[in-house]
Amino acid sequence: MCVALPGKVIEVKGNTAVVDFSGNRVEARSGLVEIEPGDRVLVHAGLILQKVSQTEAEEMEMLFRELEDSVG
């Protein structure tokens with residue numbers, strides 16, 4: 001199973017972007033989607049797959065927290 005995580009674009013540098021995941025910042029390739037700082041995106045394996053709305057991102061983050069709480 002593959003899981004894409006929601007994050008927030010902090011900075012765009014050419015074909016890469018700095019994406020924040022709850023305080024963890026990573027670089028991700030942005031060649032598939034036009035993005036700008038502040039966009040919410042889904043990232044899998046270091047690649048930004050698509051933009052999502054703020055509401056969608058928050059719902060996904062809530063589901064991941066619930067899953068983490070049920071396992072931990």
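The model is predicted: local features need pLDDT of at least 70, side-chain atom pairs count only at pLDDT 80 or more, and totals for chains, interfaces and linings use all residues. Residues are numbered from 1 along each chain as its sequence is written, and side-chain values use heavy atoms, with hydrogens and water left out.

**Overall fold**

The chain holds 1 helix and 5 strands. Both kinds of element are DSSP runs, numbered from the N terminus: helices are H or I with at least four residues, strands are E with at least two. Read from the N terminus, the order is β-β-β-β-β-α.

The C-alpha trace spans about 40 × 25 × 20 Å along its principal axes.

Contacts are heavy atoms within 4.5 Å. Of the contacts with a separation of 6 or more, 34% join residues 24 or more positions apart.

**Surface and charge**

Buried residues make up 29% of the 72 residues. Buried means under 20% relative accessible area, exposed means over 50%, and partly exposed lies in between (1.4 Å probe, protein chains only). The chain exposes about 4900 Å², and carbon and sulfur atoms supply 51% of that area. Accessible areas come from the Shrake-Rupley method with a 1.4 Å probe; for residues, only the protein chains shown count as cover.

There are 7 positive and 13 negative charges, and their mean positions are 6 Å apart. Lys and Arg count as positive, Asp and Glu as negative; His and the chain ends are not counted. Each charge is placed at NZ of Lys, CZ of Arg, CG of Asp or CD of Glu.

**Salt bridges**

The whole structure has 4 salt bridges. Such a bridge is a side-chain nitrogen of Lys or Arg within 4 Å of a carboxyl oxygen of Asp or Glu.

| Pair | N to O distance |
|---|---|
| D39 and K51 | 3.9 Å |
| R40 and E61 | 2.4 Å |

E27 counts as exposed, at 51% relative accessibility. K13 is partly exposed, at 38%.

D39 and K51 also form a salt bridge. D39 sits in the loop between β3 and β4 (40–44), K51 in strand β5 (residues 47–52), 12 residues apart. D39 is buried, with a relative accessible area of 16%. K51 is partly exposed, at 43%.

R40 pairs with E61. R40 lies in strand β4 and E61 in helix α1 (residues 54–71), 21 residues apart. R40 is buried, with a relative accessible area of 9%.

S22 is exposed, with a relative accessible area of 70%.

A45 lies in the loop between β4 and β5. Phi of A45 is near 55°, again positive in a residue other than glycine. A45 is exposed, with a relative accessible area of 73%.
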